[in-house]
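Please look over the sequence and the structure below. The paragraphs that follow lead through some of the features.

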Amino acid sequence: MSEQLASAKLCAFLFAALACMVACKPALEGEPVNLEPNDPRPILSLEVGDSDEAALLVQELDLEPVRMEGSTLYFFENDDQLNRLKELGYELRQQNSYEVFRRVVRIDRTVPEEELRASGIRVINREENYLVVEGSLAKLRALERAGSSMVAVGGHEPRPRQVRITAESMDDVAEIGAMAVDIYSVERADRAKPDRAEQYRDGEIVVLAGAFDYQIDQLTAAGYSVEVFP
Amino acid sequence: MIERMHIVWLTGIFIAALAAPVQAAIDFSDYHTPAEIDTLMNDLAAAHPGLAQVSTIGTSHDGNPIKALKISDNVATDEPDEGDVLFVALHHAREWVSAEMGLYLAEQILTQYASDADLQADVDNLEIWIIPVVNPDGYAYTASPGGYRYWRKNRRDNGDGTFGVDLNRNWGYEWGLASGSSGTTSDDVYRGPAPFSEPEVAAVRTFAEGLDNLKTMLTYHTFSELFLRPWGYTTADAPGEETLRQLVLRSISEIQAVHGHTYSEVIGYTSSGETTDWFWGAHRISAFTPELRPDYAWIADRLDDLGCNDSPPSGHPDCALGGLIGFSPTPDQILPTLEENYPAARALIHDAGDRELWMKDYPADTGDEPSAVWTGTSWSHAFWVSPDITTVPVTLDQGATVDLNVHIRNNSGQARNGVRLDIYFTDPRISLEFPNPDATLIASETSINVPPGGRTVTVPWTVPVGTNSWGERHWCVGAIVMHEDDMPLTTEAQRSSNVAIRNFNTTETVVSTNLIVAATNFLDVDAELIVSVDDPLPGWQVVVPPVPKPVNGGRASSIERKAQLLDARGRLLRPGETIYLPVRVVPPDTATAGDKAAVTVHGGLLPLVAGEREAVGNGFTYEVVVP
């Protein structure tokens, strides 16, 4: 009897485990992600003082920028430009294309968000069965090697949530804007229609915006009330 | 009897036709597709062949043409002496009403040209350019079945699975600041990989820089009912804040007068790399962003109407749009939006085309703008010697109160009431503009009546005691004349007949043969300074010292690298930096004490930026006396 019971329990466990594998980790549908660099040309970087300098390098030397991050300008190496850049005093750094090029992908939820963030992956949006994340090719390849399933966003490019943020002052609005939230409208309670004014507290400001989940996290962490339109 | 009835009937039709307002041919009761907008632009040009012409100013990422409609008399001819006015719209793909605004402007100007003498005069005196769709790829995407109605950016393939750059964060002035734009490709305010990286933005920049005499520009957006001015990248006031603000307040008033909607002047957050900052920052061309209808209240009402706030909610699919619903106002909002924004645009066109109230910049000035141009080494005319700014007595004693006279000319043929005149003084510095934050207000007269021909306004001025900030008794007086029908569109005297300056020496000006020339970089970007001197009287020599190079402590600094990239040879000045150059005047051997000579110094400040580098600045004319 006990053997039968043990056997039944094992069967039940295996069944549950199988069911869980199917239900908890559905295969992501979509095109496979190309995790090779977009361009085979080597990439260099240099430091500029400001964006005007970057624009002048593009204009005067035909530098082909990959992107600018802070004061670092990444660009495709071109032998014709190297001497001139050195004459101008730039320190050129060879860059790893797998670190420079990035992808936005859909990824299964096997790795906790905290771990993703800690490894330099940005979680853009959370969907029911997957996350939309952005990371360098190197980091995404590491995730893939560790068993994560990922597909290209394809036609499912992440879109911001529609939110209503409550702010207390115009300084708050400036802070919200600085989070790169796409603000559509800023309305002070005292400019609302009289019949709507009662919906607000004195001095309250309503911000209508589009925000990705990572921005909503930032807003919430900063103490703002964020209502997502259903 | 029947014949008589026919005559009366036909006469009635004729009179009715004369009395009828000019009928707009374009139906603005619904949005137009991108293809329809193209067709309508061509139709307008075809219907007004002498006045309107369509051209392509560039192509988008996907190869779509970016089209401009030019409106002017002699439209097929480039008339460099005429001023230019630029209207652009639809940087952001989902902001469909803004494209309608471009079309509406064109249609109104063209259909009213024949019957509105004032408009005709302005159009004849200007070249007006309208670019209804800066972002054709994005616009097509919002209107295509497989696209997304609320797409904002262009359609650059970012190569990482995302698409699009925010074209209103890609302009090069203060591009890339963390505040107000994003380096993350998926964000809706993604600024792009580099300033001016987007062909759409580069095309408009190149086009604008190619215009002979651009005076003002508007870039239409939606929504929120705002009328914004630079700066976008910071909450600090831009140089010339008072001039810009007066233009905004008038525009808001013009809008409000049509349907009662009161647009606001403040947005509350920053946006770096945006359009108007570049026009004002790089070129001192006044530039504004009208954010069209609707406002928040309309959105709230709309969501109410859809039952989104019912309990339980209606579940209407548009409820999930939230604030996005403001980008697709119901078609009944289109025409009122266009109607209320037309007068503000019309007023700016009038400012640009007008020469009614003005002051001379130099004795032979006829009111043309610009009155002087930078030749590469000097100004074509000394425009800091306005004969319309004078004092009584002519000789200034420090501490004395004198009559300061400003002569306002009025070419309109009729009296102008309610004219405002602001008069300031400040240290004369190359790259000076009026108004500016360092200037001291002498007087602000706000209700002046100026009869045809002109009027001299006299105010008391107590001549400063002591020296200016570099030890000379040398001052610059600037006057700005404003009227609701004639506003200055820039702060630079040589480019606006509404602004005039004159430099004065007090009697105690040191009559030595050493002068100090000061230059301040009032721009927000690095610049090079070029100083030159007119030949004085025969036998006199003026020696400008070699431009001192900044001390190089090893690696070249950013400003030095920029100078090398541009082969700039002038003295380099960082934003806010002032330098003083000693200029030595050598009289001829035959000169005796008391001999005089006028020494005119020119200064041009050229920003170290990509694109066309336009000089700002001015100069001084000293009367040098042999000690």
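Begin in chain B, with two helices that pack against each other: α2(B), residues 34-47, and α3(B), residues 96-112, have axes 11 Å apart and an angle of about 15 degrees between them. Angles under 35 degrees count as roughly parallel, and α2(B) and α3(B) are therefore roughly parallel to each other. Their crossing is left-handed. On the side of α2(B), the residues that meet the partner helix are Ile37(B), Leu40(B) and Leu44(B); on the side of α3(B) they are Ala99(B), Leu103(B), Ala106(B), Glu107(B) and Leu110(B). Sorted by class, this contact has seven nonpolar residues, one charged residue and no polar ones.

This is a predicted model, and the confidence values belong with the picture. Chain B has an average pLDDT of 91, and 94% of the residues score at least 70. Residues 7-23 of chain B are a stretch where pLDDT stays under 50, and for this stretch the model has three contacts beyond four places in sequence. For the complex, the predictor gives an ipTM of 0.88 and a pTM of 0.91.

Further along chain B, strand β10(B), residues 401-410, takes part in several pairings. Strand β8(B), residues 357-358, runs antiparallel to β10(B) and is joined to it by two bridges; here Trp358(B) has Arg409(B) as its bridge partner. Strand β9(B), residues 389-392, is also antiparallel to β10(B), with four bridges between them, and Ile389(B) has Val406(B) as its bridge partner in β10(B). Ten bridges link β10(B) to strand β13(B), residues 453-462, again in the antiparallel sense. In that pairing, Asn410(B) stands opposite Gly453(B).

Chain A holds an open sheet of four strands in the order β6-β7-β5-β8, with antiparallel pairing. The edge strands of this sheet, each pairing on one side only, are β6(A), residues 122-126, and β8(A), residues 150-152. With direction ignored, neighbouring strands of the sheet are turned by 35 degrees against each other on average. Within the sheet, β5(A), residues 102-107, and β7(A), residues 131-136, pair over six antiparallel bridges, and Arg103(A) stands opposite Gly135(A) of β7(A). Helix α6(A), residues 137-145, lies across β5, β7 and β8 of chain A and runs at about 125 degrees to β7(A).

How do the two chains meet? In this model, 57 residues of chain A are in contact with 55 residues of chain B. Several elements of chain A give two or more residues to the side that touches chain B, among them α2, β2 (65-69), β5 and α7 (170-178). The largest share, ten residues, comes from α2(A). By class, the residues on this side of chain A divide into 33 nonpolar, nine polar and 15 charged.

Helix α2(A), residues 51-61, also packs with a helix of the other chain: its axis and that of α11(B), residues 558-566, come within 10 Å and cross at roughly 25 degrees. That makes α2(A) roughly parallel to α11(B), and the crossing of these two helices is left-handed. From α2(A), the contact is made by Asp52(A), Glu53(A), Leu56(A), Leu57(A) and Glu60(A), and from α11(B) by Ser558(B), Arg561(B), Lys562(B), Leu565(B) and Leu566(B). This contact has five charged, four nonpolar and one polar residues.

Definitions and conventions
Residues numbered from 1 in each chain as written. Chains lettered and ligands numbered in written order. Predicted model: local features only at pLDDT ≥ 70, side-chain atom pairs only at ≥ 80, totals over all residues. Axes fitted to C-alpha atoms, helices over the stretch in contact; angles between N-to-C directions. Parallel < 35°, antiparallel > 145°, perpendicular 65-115°, else oblique. Left-handed = near helix turned anticlockwise from the far one by under 90°. Contact = placed C-beta atoms within 7 Å. Nonpolar A, V, L, I, M, F, W, Y, C, P; charged D, E, K, R; others polar. Pairing = 2+ DSSP bridges. pLDDT = per-residue confidence, 0-100.
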